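Dear colleague,

I am handing over the structure below, and my notes on what was found in it follow. Please read them with the model open beside you.

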Amino acid sequence: MLRTVLGPLARFIVAMTSRLYWVLLAYVITRAIAVLVMMKLEGWKPVEAYWWGEVSSLTIGYGDYAPKSTTGRLLAGPFQFFWVFYCGPAIIGHVVAFLFRNIHILTHSEQEWLFRVTGIVYDWVRWMVLVLQKIALKLGVSDLPPLPHADGSGLPRLCPEQAPDTDFAEQV
(Lines give C-alpha, C1' and ligand atoms only; values in the text may rest on other atoms or scores of the structure.)
Protein backbone atom coordinates (compact mmCIF):
# COMPACT_ATOMS: atom_id res chain seq x y z
CA MET A 1 0.00 0.00 0.00
CA LEU A 2 2.72 2.44 1.02
CA ARG A 3 4.78 1.67 -2.10
CA THR A 4 1.82 2.28 -4.37
CA VAL A 5 1.50 5.78 -2.90
CA LEU A 6 5.18 6.63 -2.53
CA GLY A 7 6.23 5.44 -6.01
CA PRO A 8 4.10 7.93 -7.97
CA LEU A 9 4.82 10.66 -5.41
CA ALA A 10 8.57 10.11 -5.78
CA ARG A 11 8.29 10.18 -9.59
CA PHE A 12 6.30 13.42 -9.39
CA ILE A 13 8.89 15.05 -7.11
CA VAL A 14 11.76 13.98 -9.36
CA ALA A 15 9.95 15.28 -12.45
CA MET A 16 9.16 18.56 -10.70
CA THR A 17 12.73 18.99 -9.50
CA SER A 18 14.19 18.38 -12.96
CA ARG A 19 13.03 21.82 -14.15
CA LEU A 20 14.10 24.98 -12.37
CA TYR A 21 10.89 26.80 -13.27
CA TRP A 22 8.82 24.15 -11.46
CA VAL A 23 10.96 24.53 -8.34
CA LEU A 24 10.63 28.32 -8.47
CA LEU A 25 6.89 28.05 -9.09
CA ALA A 26 6.52 25.71 -6.10
CA TYR A 27 8.49 28.18 -3.98
CA VAL A 28 6.36 31.14 -5.04
CA ILE A 29 3.07 29.26 -4.60
CA THR A 30 3.98 27.98 -1.13
CA ARG A 31 5.13 31.46 -0.13
CA ALA A 32 1.78 32.89 -1.27
CA ILE A 33 -0.15 30.18 0.58
CA ALA A 34 1.96 30.80 3.70
CA VAL A 35 1.17 34.53 3.54
CA LEU A 36 -2.57 33.82 3.34
CA VAL A 37 -2.44 31.21 6.10
CA MET A 38 -0.45 33.41 8.48
CA MET A 39 -2.64 36.43 7.79
CA LYS A 40 -5.70 34.39 8.72
CA LEU A 41 -4.28 32.46 11.69
CA GLU A 42 -2.05 35.10 13.25
CA GLY A 43 -3.97 38.24 12.25
CA TRP A 44 -0.92 39.68 10.50
CA LYS A 45 -0.96 42.29 7.76
CA PRO A 46 0.13 41.04 4.32
CA VAL A 47 3.53 42.72 4.65
CA GLU A 48 4.11 41.12 8.06
CA ALA A 49 3.17 37.66 6.77
CA TYR A 50 5.35 38.15 3.69
CA TRP A 51 8.26 39.27 5.89
CA TRP A 52 7.89 36.21 8.12
CA GLY A 53 7.94 33.96 5.04
CA GLU A 54 10.98 35.72 3.61
CA VAL A 55 12.95 35.48 6.85
CA SER A 56 11.90 31.86 7.35
CA SER A 57 12.57 30.68 3.80
CA LEU A 58 16.06 32.17 3.85
CA THR A 59 16.73 30.67 7.31
CA ILE A 60 17.56 34.08 8.77
CA GLY A 61 15.03 33.96 11.60
CA TYR A 62 15.13 37.45 13.10
CA GLY A 63 12.32 36.53 15.47
CA ASP A 64 10.38 39.77 15.03
CA TYR A 65 7.45 37.80 13.58
CA ALA A 66 6.76 34.26 14.69
CA PRO A 67 3.50 32.33 14.88
CA LYS A 68 1.97 32.51 18.36
CA SER A 69 -0.94 30.12 17.92
CA THR A 70 -0.43 26.37 18.09
CA THR A 71 -2.06 25.92 14.69
CA GLY A 72 0.17 28.61 13.18
CA ARG A 73 3.26 26.95 14.60
CA LEU A 74 2.19 23.53 13.37
CA LEU A 75 1.56 24.86 9.87
CA ALA A 76 4.75 26.95 9.80
CA GLY A 77 6.92 23.84 10.16
CA PRO A 78 6.04 22.17 6.85
CA PHE A 79 6.43 25.47 4.98
CA GLN A 80 9.85 26.09 6.48
CA PHE A 81 10.92 22.49 5.98
CA PHE A 82 9.88 22.62 2.30
CA TRP A 83 11.66 25.92 1.65
CA VAL A 84 14.89 25.01 3.42
CA PHE A 85 15.26 21.32 2.57
CA TYR A 86 13.68 21.19 -0.88
CA CYS A 87 13.60 24.56 -2.63
CA GLY A 88 17.00 25.79 -1.47
CA PRO A 89 18.99 22.67 -2.40
CA ALA A 90 17.05 22.21 -5.66
CA ILE A 91 17.80 25.78 -6.78
CA ILE A 92 21.47 25.46 -5.78
CA GLY A 93 21.63 22.13 -7.60
CA HIS A 94 20.38 23.73 -10.79
CA VAL A 95 22.96 26.52 -10.49
CA VAL A 96 25.81 24.04 -9.91
CA ALA A 97 24.60 21.88 -12.81
CA PHE A 98 24.58 24.96 -15.03
CA LEU A 99 28.13 25.83 -14.00
CA PHE A 100 29.38 22.31 -14.69
CA ARG A 101 27.47 22.12 -17.96
CA ASN A 102 29.15 25.35 -19.06
CA ILE A 103 32.48 24.77 -17.37
CA HIS A 104 34.36 25.92 -20.45
CA ILE A 105 33.31 29.50 -19.64
CA LEU A 106 35.25 29.37 -16.35
CA THR A 107 38.97 30.01 -16.04
CA HIS A 108 41.23 27.22 -14.86
CA SER A 109 41.55 28.70 -11.35
CA GLU A 110 37.75 29.10 -11.13
CA GLN A 111 37.33 25.46 -12.15
CA GLU A 112 39.84 24.40 -9.47
CA TRP A 113 38.04 26.49 -6.84
CA LEU A 114 34.65 25.09 -7.85
CA PHE A 115 35.97 21.54 -7.67
CA ARG A 116 37.47 22.12 -4.19
CA VAL A 117 34.32 23.75 -2.81
CA THR A 118 32.11 21.03 -4.30
CA GLY A 119 34.35 18.41 -2.68
CA ILE A 120 34.11 20.14 0.70
CA VAL A 121 30.31 20.34 0.48
CA TYR A 122 30.15 16.72 -0.67
CA ASP A 123 32.26 15.57 2.28
CA TRP A 124 30.18 17.64 4.72
CA VAL A 125 26.88 16.23 3.45
CA ARG A 126 28.24 12.68 3.57
CA TRP A 127 29.33 13.26 7.18
CA MET A 128 25.85 14.60 8.06
CA VAL A 129 24.20 11.52 6.53
CA LEU A 130 26.52 9.26 8.53
CA VAL A 131 25.71 11.11 11.77
CA LEU A 132 21.96 10.95 11.06
CA GLN A 133 22.21 7.23 10.34
CA LYS A 134 24.05 6.65 13.63
CA ILE A 135 21.41 8.65 15.51
CA ALA A 136 18.63 6.69 13.80
CA LEU A 137 20.30 3.40 14.75
CA LYS A 138 20.59 4.53 18.39
CA LEU A 139 16.86 5.37 18.29
CA GLY A 140 16.10 1.85 17.09
CA VAL A 141 15.55 2.41 13.38
CA SER A 142 17.10 -0.71 11.91
CA ASP A 143 15.84 -0.82 8.32
CA LEU A 144 18.14 1.92 6.98
CA PRO A 145 19.78 1.38 3.61
CA PRO A 146 23.57 1.16 3.67
CA LEU A 147 25.45 4.39 3.15
CA PRO A 148 26.46 4.51 -0.52
CA HIS A 149 30.15 4.55 -1.36
CA ALA A 150 31.19 3.49 2.15
CA ASP A 151 34.45 1.65 2.49
CA GLY A 152 34.86 -1.36 4.81
CA SER A 153 35.10 0.88 7.89
CA GLY A 154 31.55 2.13 7.43
CA LEU A 155 32.80 5.66 6.92
CA PRO A 156 31.81 7.48 3.75
CA ARG A 157 34.41 7.71 1.06
CA LEU A 158 35.70 11.23 0.73
CA CYS A 159 35.45 13.13 -2.53
CA PRO A 160 38.39 12.02 -4.70
CA GLU A 161 41.16 14.44 -5.52
CA GLN A 162 41.08 15.95 -8.99
CA ALA A 163 43.36 14.32 -11.52
CA PRO A 164 46.26 16.48 -12.66
CA ASP A 165 45.35 18.81 -15.48
CA THR A 166 47.68 17.58 -18.21
CA ASP A 167 46.49 20.10 -20.79
CA PHE A 168 47.34 22.99 -18.48
CA ALA A 169 50.71 21.47 -17.53
CA GLU A 170 51.67 21.08 -21.20
CA GLN A 171 50.85 24.73 -21.91
CA VAL A 172 53.23 26.02 -19.20
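The residues that line the largest pocket divide into ten nonpolar, one polar and no charged, where Ala, Val, Leu, Ile, Met, Phe, Trp, Tyr, Cys and Pro count as nonpolar, Asp, Glu, Lys and Arg as charged, and the others, Gly among them, as polar. Please bear in mind that this is a predicted model, in which local features need pLDDT of at least 70 and side-chain atom pairs count only at pLDDT 80 or more, while totals for chains, interfaces and linings use all residues. Residues are numbered from 1 along each chain as its sequence is written, and side-chain values use heavy atoms, with hydrogens and water left out.

The lining itself consists of Ile92, Val96, Trp113, Leu114, Val117, Thr118, Val121, Tyr122, Trp124, Val125 and Met128. The space in the largest pocket is about 340 Å³. A pocket here is an open set of points on a 1 Å grid over the protein atoms alone, where a 1.4 Å probe fits, with protein on both sides within 12 Å along at least five of seven lines, and lining residues have an atom within 4 Å of a point. The points are joined across faces, edges and corners, and the volume is the space filled by probe spheres set on them.

Met128, which lies in helix α5, is also one of the residues of a nonpolar surface patch of about 560 Å², made by Val121, Trp124, Val125, Trp127, Met128 and Val129. Such a patch takes residues with over 30% relative accessible area and no salt bridge, and joins nonpolar side chains (Val, Leu, Ile, Met, Phe, Trp, Tyr) within 5 Å; the areas come from the Shrake-Rupley method with a 1.4 Å probe. Met128 is partly exposed, with a relative accessible area of 30%, given that buried means under 20%, exposed over 50% and partly exposed in between (1.4 Å probe, protein chains only).

As for the fold as a whole, the secondary structure comes to six helices and zero strands, these being DSSP runs (helices H or I, at least four residues; strands E, at least two) numbered from the N terminus. Buried residues make up 21% of the 172 residues in the protein chain.

The structure holds one salt bridge, a term that requires a side-chain nitrogen of Lys or Arg within 4 Å of a carboxyl oxygen of Asp or Glu. The partners are Glu54 and Arg31, whose closest N and O atoms are 2.9 Å apart. This pair links distant parts of the chain, with Glu54 in helix α3 (residues 46-57) and Arg31 in helix α2 (residues 20-42), 23 residues apart. Arg31 counts as buried, at 6% relative accessibility.

Tyr50, in helix α3, counts as partly exposed at 46% relative accessibility, and its C-alpha is 8.9 Å from that of Met38, twelve residues apart in sequence.

Finally, Thr59 has a positive phi of about 60 degrees although it is not a glycine. Thr59 lies in the loop between α3 and α4 and is exposed, with a relative accessible area of 53%.

With best wishes

Definitions and conventions. Patch = residues over 30% accessible without salt bridge, like charges linked within 9 Å, V, L, I, M, F, W, Y side chains within 5 Å.
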